[in-house]
Amino acid sequence: MHSISTIREPSRSLPVTGAYDIVVAGGGVAGVAAAVAAARAGATVCLIDKMCALGGLATLGNVTVWLPICDGRGRQVIGGIAEELLRLSVRDLKQDDRAAGLMGVPSCWEAGGDPAARVATRFIARFNPGAYLLALEEWLLAAGVKLLYDTRACGVHRARHRITHLIVENKSGRSALACRAVVDATGDADICHWAGEATETLDSNVASGWFYYLLDGALHLSQTSHPYSAALLAGELTSRGYRGDDADDVTAQLIESRALIRRDLSRLAILHPAGTLQPFAPPTLPCLRATRRLVGAASLREADMHVWRDDAACLTGDWRRRGPVFAITLDMLRGVTNRNLACAGRCISADCSIWDCTRAIPTCAVTGEAAGTAAALAVRDCDGDLHKLEIGSLQTALRTRGNLLAPGLVAAAQA
Ligand SMILES: Cc1cc2nc3c(=O)[nH]c(=O)nc-3n(C[C@H](O)[C@H](O)[C@H](O)COP(=O)(O)OP(=O)(O)OC[C@H]3O[C@@H](n4cnc5c(N)ncnc54)[C@H](O)[C@@H]3O)c2cc1C
(Lines give C-alpha, C1' and ligand atoms only; values in the text may rest on other atoms or scores of the structure.)
Protein backbone atom coordinates (compact mmCIF):
# COMPACT_ATOMS: atom_id res chain seq x y z
CA MET A 1 0.00 0.00 0.00
CA HIS A 2 1.27 3.51 -0.80
CA SER A 3 0.85 6.04 1.98
CA ILE A 4 1.04 9.24 -0.08
CA SER A 5 -2.32 10.81 -0.92
CA THR A 6 -1.34 12.89 -3.95
CA ILE A 7 1.22 12.74 -6.74
CA ARG A 8 2.50 15.67 -8.78
CA GLU A 9 1.77 15.37 -12.49
CA PRO A 10 4.53 16.95 -14.60
CA SER A 11 3.32 20.14 -16.28
CA ARG A 12 2.99 19.82 -20.03
CA SER A 13 1.82 21.75 -23.05
CA LEU A 14 -1.44 20.63 -24.60
CA PRO A 15 -2.09 20.77 -28.33
CA VAL A 16 -5.02 22.99 -29.31
CA THR A 17 -6.95 20.66 -31.58
CA GLY A 18 -9.74 22.99 -32.64
CA ALA A 19 -11.04 26.56 -32.40
CA TYR A 20 -14.76 27.34 -32.43
CA ASP A 21 -17.08 30.20 -31.58
CA ILE A 22 -18.90 27.86 -29.21
CA VAL A 23 -18.12 24.53 -27.63
CA VAL A 24 -21.10 22.64 -26.22
CA ALA A 25 -20.20 20.06 -23.59
CA GLY A 26 -22.75 17.25 -23.47
CA GLY A 27 -24.94 15.88 -26.25
CA GLY A 28 -28.15 15.15 -24.35
CA VAL A 29 -31.36 16.81 -25.51
CA ALA A 30 -30.21 20.13 -24.01
CA GLY A 31 -26.79 20.05 -25.68
CA VAL A 32 -28.16 19.05 -29.06
CA ALA A 33 -30.73 21.88 -28.92
CA ALA A 34 -28.03 24.36 -27.87
CA ALA A 35 -25.61 23.30 -30.59
CA VAL A 36 -28.18 23.44 -33.40
CA ALA A 37 -29.57 26.78 -32.14
CA ALA A 38 -26.07 28.29 -32.06
CA ALA A 39 -25.19 26.94 -35.52
CA ARG A 40 -28.46 28.28 -36.98
CA ALA A 41 -27.58 31.67 -35.46
CA GLY A 42 -24.36 31.66 -37.50
CA ALA A 43 -21.77 30.43 -34.98
CA THR A 44 -19.15 27.76 -35.58
CA VAL A 45 -19.99 25.05 -33.07
CA CYS A 46 -18.35 21.90 -31.74
CA LEU A 47 -20.39 19.50 -29.61
CA ILE A 48 -18.55 16.92 -27.51
CA ASP A 49 -19.93 13.95 -25.61
CA LYS A 50 -18.19 11.32 -23.52
CA MET A 51 -20.55 8.67 -24.92
CA CYS A 52 -20.79 7.49 -28.53
CA ALA A 53 -24.33 8.63 -29.30
CA LEU A 54 -26.54 11.68 -28.88
CA GLY A 55 -29.58 12.06 -26.64
CA GLY A 56 -28.06 11.43 -23.20
CA LEU A 57 -30.63 10.09 -20.75
CA ALA A 58 -33.38 10.30 -23.37
CA THR A 59 -31.71 7.66 -25.56
CA LEU A 60 -28.92 5.89 -23.63
CA GLY A 61 -30.97 6.04 -20.42
CA ASN A 62 -34.15 4.79 -22.20
CA VAL A 63 -36.08 7.73 -20.75
CA THR A 64 -38.44 7.67 -23.67
CA VAL A 65 -41.35 9.89 -22.68
CA TRP A 66 -41.17 13.36 -24.22
CA LEU A 67 -43.16 15.05 -21.47
CA PRO A 68 -45.60 17.84 -22.42
CA ILE A 69 -44.78 21.09 -24.17
CA CYS A 70 -48.23 22.43 -23.23
CA ASP A 71 -49.59 23.78 -19.95
CA GLY A 72 -52.25 21.09 -19.48
CA ARG A 73 -55.00 23.67 -20.07
CA GLY A 74 -54.86 23.44 -23.85
CA ARG A 75 -52.11 26.02 -24.50
CA GLN A 76 -48.76 25.16 -26.07
CA VAL A 77 -46.06 26.99 -24.06
CA ILE A 78 -42.88 25.58 -25.64
CA GLY A 79 -42.20 25.78 -29.40
CA GLY A 80 -39.09 26.28 -31.54
CA ILE A 81 -36.40 23.62 -31.49
CA ALA A 82 -38.04 21.79 -28.57
CA GLU A 83 -41.14 21.12 -30.67
CA GLU A 84 -38.93 20.11 -33.60
CA LEU A 85 -37.11 17.67 -31.31
CA LEU A 86 -40.36 16.24 -29.95
CA ARG A 87 -41.66 15.64 -33.46
CA LEU A 88 -38.30 14.23 -34.59
CA SER A 89 -38.46 11.65 -31.78
CA VAL A 90 -41.49 9.97 -33.40
CA ARG A 91 -40.89 10.96 -37.03
CA ASP A 92 -40.43 7.37 -38.17
CA LEU A 93 -43.10 5.81 -35.94
CA LYS A 94 -45.82 4.24 -38.10
CA GLN A 95 -48.05 2.87 -35.34
CA ASP A 96 -48.47 3.30 -31.58
CA ASP A 97 -47.44 0.34 -29.42
CA ARG A 98 -48.34 0.88 -25.77
CA ALA A 99 -46.47 -2.14 -24.38
CA ALA A 100 -43.27 -0.95 -26.02
CA GLY A 101 -43.94 2.61 -24.84
CA LEU A 102 -44.37 4.09 -28.32
CA MET A 103 -46.89 6.84 -29.06
CA GLY A 104 -46.99 9.50 -31.74
CA VAL A 105 -48.07 13.12 -31.27
CA PRO A 106 -51.80 13.16 -30.30
CA SER A 107 -53.88 14.12 -33.34
CA CYS A 108 -55.43 17.13 -31.57
CA TRP A 109 -51.93 18.69 -31.49
CA GLU A 110 -51.44 18.31 -35.24
CA ALA A 111 -52.24 21.24 -37.55
CA GLY A 112 -56.00 21.68 -37.69
CA GLY A 113 -56.48 19.47 -34.59
CA ASP A 114 -59.44 20.00 -32.25
CA PRO A 115 -58.50 22.77 -29.74
CA ALA A 116 -61.12 21.53 -27.25
CA ALA A 117 -59.43 18.11 -27.13
CA ARG A 118 -56.12 19.79 -26.22
CA VAL A 119 -57.44 20.58 -22.75
CA ALA A 120 -57.75 16.88 -21.93
CA THR A 121 -54.82 15.51 -23.97
CA ARG A 122 -51.34 16.82 -23.38
CA PHE A 123 -48.77 17.46 -26.14
CA ILE A 124 -46.37 14.56 -25.57
CA ALA A 125 -44.73 11.70 -27.46
CA ARG A 126 -43.25 8.31 -26.52
CA PHE A 127 -40.35 7.30 -28.69
CA ASN A 128 -37.96 4.52 -29.64
CA PRO A 129 -34.51 5.46 -28.26
CA GLY A 130 -32.65 3.69 -31.08
CA ALA A 131 -34.57 5.53 -33.79
CA TYR A 132 -34.14 8.82 -31.91
CA LEU A 133 -30.39 8.40 -31.52
CA LEU A 134 -30.01 7.89 -35.27
CA ALA A 135 -32.31 10.81 -36.13
CA LEU A 136 -30.58 13.20 -33.69
CA GLU A 137 -27.17 12.56 -35.20
CA GLU A 138 -28.39 13.19 -38.73
CA TRP A 139 -30.26 16.34 -37.62
CA LEU A 140 -27.28 17.78 -35.75
CA LEU A 141 -24.84 17.15 -38.58
CA ALA A 142 -27.24 18.72 -41.10
CA ALA A 143 -27.02 21.94 -39.06
CA GLY A 144 -23.25 22.02 -39.64
CA VAL A 145 -22.17 21.22 -36.07
CA LYS A 146 -18.75 19.58 -35.62
CA LEU A 147 -19.28 16.46 -33.51
CA LEU A 148 -16.71 14.73 -31.29
CA TYR A 149 -17.86 11.49 -29.69
CA ASP A 150 -15.99 9.58 -27.02
CA THR A 151 -14.64 12.94 -25.83
CA ARG A 152 -14.86 13.87 -22.18
CA ALA A 153 -14.49 17.45 -20.98
CA CYS A 154 -12.15 17.23 -18.02
CA GLY A 155 -11.17 20.81 -17.24
CA VAL A 156 -11.13 24.42 -18.37
CA HIS A 157 -8.50 27.04 -19.06
CA ARG A 158 -9.54 30.52 -17.97
CA ALA A 159 -8.31 34.07 -18.41
CA ARG A 160 -9.93 37.33 -17.27
CA HIS A 161 -13.30 35.87 -16.20
CA ARG A 162 -13.62 33.81 -19.36
CA ILE A 163 -13.18 30.23 -20.38
CA THR A 164 -10.69 30.33 -23.23
CA HIS A 165 -10.32 26.55 -23.73
CA LEU A 166 -12.08 23.38 -22.78
CA ILE A 167 -9.63 20.61 -21.84
CA VAL A 168 -10.77 17.29 -23.29
CA GLU A 169 -9.61 13.68 -23.41
CA ASN A 170 -10.37 11.19 -26.14
CA LYS A 171 -8.72 8.55 -28.29
CA SER A 172 -6.22 11.14 -29.56
CA GLY A 173 -5.12 11.94 -26.01
CA ARG A 174 -5.50 15.11 -23.97
CA SER A 175 -5.94 18.40 -25.81
CA ALA A 176 -7.59 21.82 -25.67
CA LEU A 177 -10.46 23.22 -27.71
CA ALA A 178 -10.35 27.00 -28.06
CA CYS A 179 -13.71 28.72 -27.72
CA ARG A 180 -15.28 32.16 -27.46
CA ALA A 181 -18.21 30.86 -25.40
CA VAL A 182 -19.15 27.56 -23.77
CA VAL A 183 -22.48 25.87 -23.13
CA ASP A 184 -22.45 23.48 -20.17
CA ALA A 185 -25.00 20.79 -21.05
CA THR A 186 -23.30 17.98 -19.12
CA GLY A 187 -26.35 17.49 -16.89
CA ASP A 188 -24.00 17.57 -13.91
CA ALA A 189 -22.71 21.16 -14.29
CA ASP A 190 -19.19 19.78 -14.78
CA ILE A 191 -17.97 22.89 -16.61
CA CYS A 192 -19.54 25.27 -14.10
CA HIS A 193 -17.84 23.33 -11.31
CA TRP A 194 -14.38 23.39 -12.91
CA ALA A 195 -14.74 27.04 -13.87
CA GLY A 196 -15.33 28.02 -10.24
CA GLU A 197 -19.06 28.79 -10.39
CA ALA A 198 -21.14 28.19 -7.27
CA THR A 199 -22.96 24.87 -7.61
CA GLU A 200 -25.27 22.73 -5.50
CA THR A 201 -25.53 18.93 -5.49
CA LEU A 202 -28.52 16.83 -4.41
CA ASP A 203 -27.82 13.44 -2.84
CA SER A 204 -31.38 12.23 -3.21
CA ASN A 205 -31.08 10.17 -6.42
CA VAL A 206 -32.36 6.62 -6.26
CA ALA A 207 -31.60 3.41 -8.14
CA SER A 208 -33.40 3.57 -11.52
CA GLY A 209 -33.06 1.79 -14.82
CA TRP A 210 -35.74 1.88 -17.47
CA PHE A 211 -35.15 -1.17 -19.66
CA TYR A 212 -36.73 -3.19 -22.43
CA TYR A 213 -37.51 -6.88 -22.47
CA LEU A 214 -38.74 -9.30 -25.08
CA LEU A 215 -41.58 -11.56 -23.98
CA ASP A 216 -42.38 -14.19 -26.60
CA GLY A 217 -40.87 -11.90 -29.19
CA ALA A 218 -42.93 -8.79 -28.26
CA LEU A 219 -41.11 -5.69 -27.02
CA HIS A 220 -42.02 -4.22 -23.60
CA LEU A 221 -40.70 -1.22 -21.67
CA SER A 222 -40.25 -1.48 -17.91
CA GLN A 223 -39.96 1.84 -16.02
CA THR A 224 -37.97 0.38 -13.15
CA SER A 225 -37.13 2.82 -10.37
CA HIS A 226 -37.15 3.09 -6.61
CA PRO A 227 -39.82 5.56 -5.53
CA TYR A 228 -38.39 9.03 -5.68
CA SER A 229 -40.87 11.88 -5.98
CA ALA A 230 -41.93 12.22 -2.39
CA ALA A 231 -38.38 11.44 -1.28
CA LEU A 232 -36.89 14.16 -3.45
CA LEU A 233 -39.30 16.79 -2.28
CA ALA A 234 -39.44 15.81 1.41
CA GLY A 235 -35.78 14.86 1.75
CA GLU A 236 -36.76 11.36 2.90
CA LEU A 237 -35.54 8.35 0.97
CA THR A 238 -36.64 4.75 1.16
CA SER A 239 -33.34 3.60 -0.33
CA ARG A 240 -29.78 4.88 -0.44
CA GLY A 241 -29.42 8.33 -2.02
CA TYR A 242 -26.82 9.06 -4.71
CA ARG A 243 -25.13 12.35 -5.67
CA GLY A 244 -23.78 11.51 -9.12
CA ASP A 245 -20.66 13.67 -8.83
CA ASP A 246 -18.26 11.03 -7.52
CA ALA A 247 -16.88 7.93 -9.32
CA ASP A 248 -17.69 5.39 -6.57
CA ASP A 249 -21.13 6.86 -6.05
CA VAL A 250 -21.97 6.71 -9.79
CA THR A 251 -20.75 3.10 -9.99
CA ALA A 252 -22.74 2.11 -6.91
CA GLN A 253 -25.90 3.68 -8.39
CA LEU A 254 -25.39 1.72 -11.64
CA ILE A 255 -24.82 -1.58 -9.79
CA GLU A 256 -27.87 -1.14 -7.55
CA SER A 257 -29.96 -0.12 -10.57
CA ARG A 258 -28.92 -3.28 -12.44
CA ALA A 259 -29.80 -5.36 -9.37
CA LEU A 260 -33.23 -3.73 -9.55
CA ILE A 261 -33.50 -4.73 -13.23
CA ARG A 262 -32.55 -8.33 -12.38
CA ARG A 263 -35.19 -8.36 -9.64
CA ASP A 264 -37.79 -7.11 -12.10
CA LEU A 265 -36.83 -9.83 -14.59
CA SER A 266 -37.19 -12.52 -11.89
CA ARG A 267 -40.65 -11.18 -11.04
CA LEU A 268 -41.61 -11.23 -14.73
CA ALA A 269 -40.32 -14.81 -15.08
CA ILE A 270 -42.64 -15.89 -12.23
CA LEU A 271 -45.58 -14.06 -13.80
CA HIS A 272 -44.95 -15.67 -17.22
CA PRO A 273 -43.60 -19.17 -16.43
CA ALA A 274 -44.24 -20.50 -19.94
CA GLY A 275 -42.97 -17.39 -21.73
CA THR A 276 -39.62 -16.75 -23.35
CA LEU A 277 -38.18 -13.74 -21.55
CA GLN A 278 -35.08 -11.80 -22.60
CA PRO A 279 -33.70 -8.52 -21.19
CA PHE A 280 -33.08 -6.07 -24.00
CA ALA A 281 -31.10 -2.82 -24.11
CA PRO A 282 -30.57 -1.91 -20.44
CA PRO A 283 -29.54 1.75 -19.98
CA THR A 284 -25.88 2.59 -20.56
CA LEU A 285 -25.88 5.93 -18.68
CA PRO A 286 -26.45 6.25 -14.93
CA CYS A 287 -30.13 7.15 -14.53
CA LEU A 288 -29.66 10.03 -12.11
CA ARG A 289 -32.36 12.66 -12.08
CA ALA A 290 -30.99 15.74 -10.33
CA THR A 291 -27.29 15.87 -9.55
CA ARG A 292 -25.17 19.05 -9.53
CA ARG A 293 -26.55 22.36 -10.78
CA LEU A 294 -25.42 25.91 -11.28
CA VAL A 295 -26.30 28.46 -8.62
CA GLY A 296 -26.76 31.50 -10.86
CA ALA A 297 -27.50 35.12 -10.08
CA ALA A 298 -31.15 34.01 -10.04
CA SER A 299 -32.70 30.58 -9.50
CA LEU A 300 -36.14 29.47 -10.67
CA ARG A 301 -38.47 28.74 -7.74
CA GLU A 302 -42.00 27.44 -7.28
CA ALA A 303 -42.95 30.98 -6.25
CA ASP A 304 -42.16 32.16 -9.81
CA MET A 305 -45.26 30.42 -11.16
CA HIS A 306 -47.26 32.72 -13.48
CA VAL A 307 -44.79 35.61 -13.04
CA TRP A 308 -43.56 37.20 -16.27
CA ARG A 309 -39.96 38.52 -16.24
CA ASP A 310 -38.69 41.13 -18.66
CA ASP A 311 -35.41 39.18 -18.94
CA ALA A 312 -37.19 35.91 -19.78
CA ALA A 313 -35.27 33.65 -22.17
CA CYS A 314 -37.84 30.84 -22.39
CA LEU A 315 -41.01 29.43 -20.82
CA THR A 316 -41.85 26.06 -19.39
CA GLY A 317 -44.96 24.27 -18.21
CA ASP A 318 -44.90 21.61 -15.50
CA TRP A 319 -45.19 17.94 -16.44
CA ARG A 320 -46.52 17.07 -12.97
CA ARG A 321 -49.47 19.45 -12.89
CA ARG A 322 -51.94 21.13 -15.19
CA GLY A 323 -51.80 24.92 -15.21
CA PRO A 324 -48.40 26.19 -14.03
CA VAL A 325 -46.22 28.19 -16.44
CA PHE A 326 -42.82 29.62 -15.52
CA ALA A 327 -40.53 32.19 -17.17
CA ILE A 328 -36.85 31.15 -17.12
CA THR A 329 -34.52 34.14 -17.22
CA LEU A 330 -31.08 34.61 -18.74
CA ASP A 331 -29.61 34.86 -15.22
CA MET A 332 -30.71 31.25 -14.61
CA LEU A 333 -28.77 30.16 -17.72
CA ARG A 334 -25.44 31.95 -17.42
CA GLY A 335 -22.39 31.81 -15.22
CA VAL A 336 -21.78 34.46 -12.61
CA THR A 337 -17.99 34.60 -12.54
CA ASN A 338 -17.43 33.33 -16.09
CA ARG A 339 -18.83 35.85 -18.52
CA ASN A 340 -18.87 33.54 -21.56
CA LEU A 341 -20.45 30.50 -19.88
CA ALA A 342 -24.04 29.45 -20.56
CA CYS A 343 -25.78 26.49 -18.96
CA ALA A 344 -28.60 24.33 -20.32
CA GLY A 345 -30.68 21.32 -19.36
CA ARG A 346 -31.03 19.66 -15.99
CA CYS A 347 -28.15 21.64 -14.47
CA ILE A 348 -29.60 25.16 -14.90
CA SER A 349 -30.11 27.34 -11.86
CA ALA A 350 -33.38 26.16 -10.30
CA ASP A 351 -33.94 25.46 -6.62
CA CYS A 352 -35.24 22.27 -5.01
CA SER A 353 -38.86 23.46 -5.10
CA ILE A 354 -38.92 23.26 -8.92
CA TRP A 355 -35.91 21.15 -9.98
CA ASP A 356 -38.13 18.14 -10.49
CA CYS A 357 -39.91 20.13 -13.20
CA THR A 358 -36.92 21.78 -14.91
CA ARG A 359 -35.05 18.47 -15.31
CA ALA A 360 -37.71 17.10 -17.71
CA ILE A 361 -36.87 16.76 -21.41
CA PRO A 362 -39.02 19.71 -22.67
CA THR A 363 -37.45 22.18 -20.26
CA CYS A 364 -33.98 20.80 -21.06
CA ALA A 365 -34.64 21.34 -24.78
CA VAL A 366 -36.06 24.86 -24.46
CA THR A 367 -33.24 25.99 -22.15
CA GLY A 368 -30.82 24.44 -24.66
CA GLU A 369 -32.20 26.57 -27.49
CA ALA A 370 -32.14 29.68 -25.31
CA ALA A 371 -28.57 29.07 -24.06
CA GLY A 372 -27.21 28.20 -27.52
CA THR A 373 -28.85 31.23 -29.13
CA ALA A 374 -27.65 33.51 -26.32
CA ALA A 375 -24.09 32.22 -26.68
CA ALA A 376 -24.14 32.73 -30.47
CA LEU A 377 -25.51 36.27 -30.23
CA ALA A 378 -23.01 37.11 -27.48
CA VAL A 379 -20.17 35.93 -29.74
CA ARG A 380 -21.55 37.97 -32.64
CA ASP A 381 -22.36 41.17 -30.69
CA CYS A 382 -20.17 41.37 -27.58
CA ASP A 383 -17.15 39.08 -27.91
CA GLY A 384 -18.89 36.21 -26.14
CA ASP A 385 -19.79 38.22 -23.04
CA LEU A 386 -23.23 36.95 -22.01
CA HIS A 387 -23.45 39.71 -19.39
CA LYS A 388 -23.34 42.35 -22.13
CA LEU A 389 -25.92 40.62 -24.31
CA GLU A 390 -28.96 42.78 -24.90
CA ILE A 391 -31.98 40.75 -23.73
CA GLY A 392 -34.26 42.31 -26.35
CA SER A 393 -32.12 40.99 -29.21
CA LEU A 394 -32.15 37.50 -27.67
CA GLN A 395 -35.91 37.55 -27.22
CA THR A 396 -36.46 38.79 -30.79
CA ALA A 397 -34.19 36.07 -32.21
CA LEU A 398 -35.93 33.36 -30.18
CA ARG A 399 -39.43 34.56 -31.12
CA THR A 400 -38.42 34.69 -34.80
CA ARG A 401 -37.42 31.02 -34.51
CA GLY A 402 -40.84 29.98 -33.18
CA ASN A 403 -40.29 30.24 -29.44
CA LEU A 404 -43.41 31.09 -27.47
CA LEU A 405 -41.98 33.86 -25.36
CA ALA A 406 -45.12 35.88 -24.58
CA PRO A 407 -46.12 37.49 -21.26
CA GLY A 408 -49.73 36.42 -21.82
CA LEU A 409 -48.76 32.74 -21.85
CA VAL A 410 -47.25 32.97 -18.37
CA ALA A 411 -50.53 34.21 -16.89
CA ALA A 412 -52.81 31.51 -15.46
CA ALA A 413 -55.19 30.01 -17.99
CA GLN A 414 -58.86 29.40 -17.23
CA ALA A 415 -59.38 25.98 -15.60
C1 LIG B 1 -35.16 7.33 -14.32
C2 LIG B 1 -35.48 8.64 -14.98
C3 LIG B 1 -36.74 8.83 -15.53
C4 LIG B 1 -37.04 10.03 -16.16
N5 LIG B 1 -38.26 10.16 -16.75
C6 LIG B 1 -38.49 11.21 -17.57
C7 LIG B 1 -39.65 11.24 -18.42
O8 LIG B 1 -40.49 10.34 -18.39
N9 LIG B 1 -39.78 12.29 -19.26
C10 LIG B 1 -38.91 13.35 -19.26
O11 LIG B 1 -39.14 14.31 -20.01
N12 LIG B 1 -37.83 13.35 -18.47
C13 LIG B 1 -37.57 12.29 -17.67
N14 LIG B 1 -36.42 12.24 -16.93
C15 LIG B 1 -35.50 13.39 -16.98
C16 LIG B 1 -34.81 13.57 -18.31
O17 LIG B 1 -34.64 12.35 -18.96
C18 LIG B 1 -33.43 14.19 -18.16
O19 LIG B 1 -33.37 15.08 -17.09
C20 LIG B 1 -33.08 14.93 -19.45
O21 LIG B 1 -33.11 14.01 -20.54
C22 LIG B 1 -31.72 15.57 -19.26
O23 LIG B 1 -31.26 16.12 -20.46
P24 LIG B 1 -29.87 16.88 -20.46
O25 LIG B 1 -29.51 17.06 -21.89
O26 LIG B 1 -29.95 18.08 -19.59
O27 LIG B 1 -28.85 15.92 -19.72
P28 LIG B 1 -28.40 14.43 -20.03
O29 LIG B 1 -29.43 13.67 -20.78
O30 LIG B 1 -27.91 13.90 -18.73
O31 LIG B 1 -27.18 14.64 -21.05
C32 LIG B 1 -25.93 15.03 -20.64
C33 LIG B 1 -24.93 14.55 -21.68
O34 LIG B 1 -23.65 15.05 -21.33
C35 LIG B 1 -22.68 14.03 -21.45
N36 LIG B 1 -21.64 14.36 -20.49
C37 LIG B 1 -21.74 14.42 -19.14
N38 LIG B 1 -20.57 14.81 -18.62
C39 LIG B 1 -19.72 15.03 -19.65
C40 LIG B 1 -18.37 15.47 -19.74
N41 LIG B 1 -17.67 15.79 -18.66
N42 LIG B 1 -17.82 15.56 -20.97
C43 LIG B 1 -18.52 15.24 -22.09
N44 LIG B 1 -19.81 14.81 -22.05
C45 LIG B 1 -20.39 14.73 -20.85
C46 LIG B 1 -23.44 12.75 -21.15
O47 LIG B 1 -22.82 11.64 -21.76
C48 LIG B 1 -24.82 13.04 -21.75
O49 LIG B 1 -24.90 12.65 -23.09
C50 LIG B 1 -36.08 11.06 -16.26
C51 LIG B 1 -34.82 10.86 -15.73
C52 LIG B 1 -34.50 9.66 -15.10
C53 LIG B 1 -33.12 9.47 -14.56
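Predicted model: local features only at pLDDT ≥ 70, side-chain atom pairs only at ≥ 80, totals over all residues.

Biologist: How far apart do the C-alpha centres of domain 1 and domain 2 lie?
Modeller: Domain 1 is 16-201 + 292-410 and domain 2 is 208-280 in the domain assignment, with bounds that come from an automatic or database assignment. The C-alpha centres of the two domains are separated by 27 Å.

Biologist: How many residues of domain 2 are in contact with domain 1?
Modeller: Two residues are in contact if their C-beta atoms, placed from the backbone, lie within 7 Å. On that criterion eleven residues of domain 1 touch domain 2, and the number from domain 2 is twelve.

Biologist: At what angle do H1 and H9 pack?
Modeller: Helices (H or I, at least four residues) and strands (E, at least two) are DSSP runs, numbered from the N terminus. Axes are lines fitted to C-alpha atoms, for helices over the stretch in contact, and angles run from 0 to 180 degrees between N-to-C directions. The axes of H1 and H9 are 7 Å apart, and the angle is about 30°.

Biologist: Which class has 14 residues in the contact of H1 with H9?
Modeller: Ala, Val, Leu, Ile, Met, Phe, Trp, Tyr, Cys and Pro count as nonpolar, Asp, Glu, Lys and Arg as charged, and the others, Gly among them, as polar. In the contact of H1 with H9, five residues are polar, one is charged and 14 are nonpolar.

Biologist: Which term describes H2 relative to H9?
Modeller: H2 (residues 80-89) packs on H9 at an angle of about 135°, with the axes 7 Å apart. Angles under 35 degrees count as roughly parallel, over 145 as roughly antiparallel, 65 to 115 as roughly perpendicular and the rest as oblique. The angle therefore makes H2, relative to H9, oblique.

Biologist: Which residues of H10 meet H9?
Modeller: H9 (residues 361-382) and H10 (residues 391-400) pack at about 125°, with axes 10 Å apart. H9 contributes Ala-370, Thr-373, Ala-374, Leu-377 and Asp-381; their partners in H10 are Ser-393, Leu-394, Ala-397 and Leu-398.

Biologist: Which residues come nearest to the ligand?
Modeller: A residue is near a molecule if its C-beta atom, placed from the backbone, lies within 6 Å of it. There are 37 residues around the ligand, and those that come nearest are Gly-26, Gly-28, Gly-56, Gly-187 and Gly-345.

Biologist: Which element gives the largest share of the shell around the ligand?
Modeller: Domain 1 and domain 2 each give the shell at least three residues. H1 (29-40), S6 (152-159), S10 (208-215) and H9 each supply at least two residues. The largest share, three residues, is from H1.

Biologist: How many residues of the shell around the ligand are charged?
Modeller: By class, the shell has 18 nonpolar and eleven polar residues. The charged residues in the shell number eight.

Definitions and conventions: Residues numbered from 1 in each chain as written.
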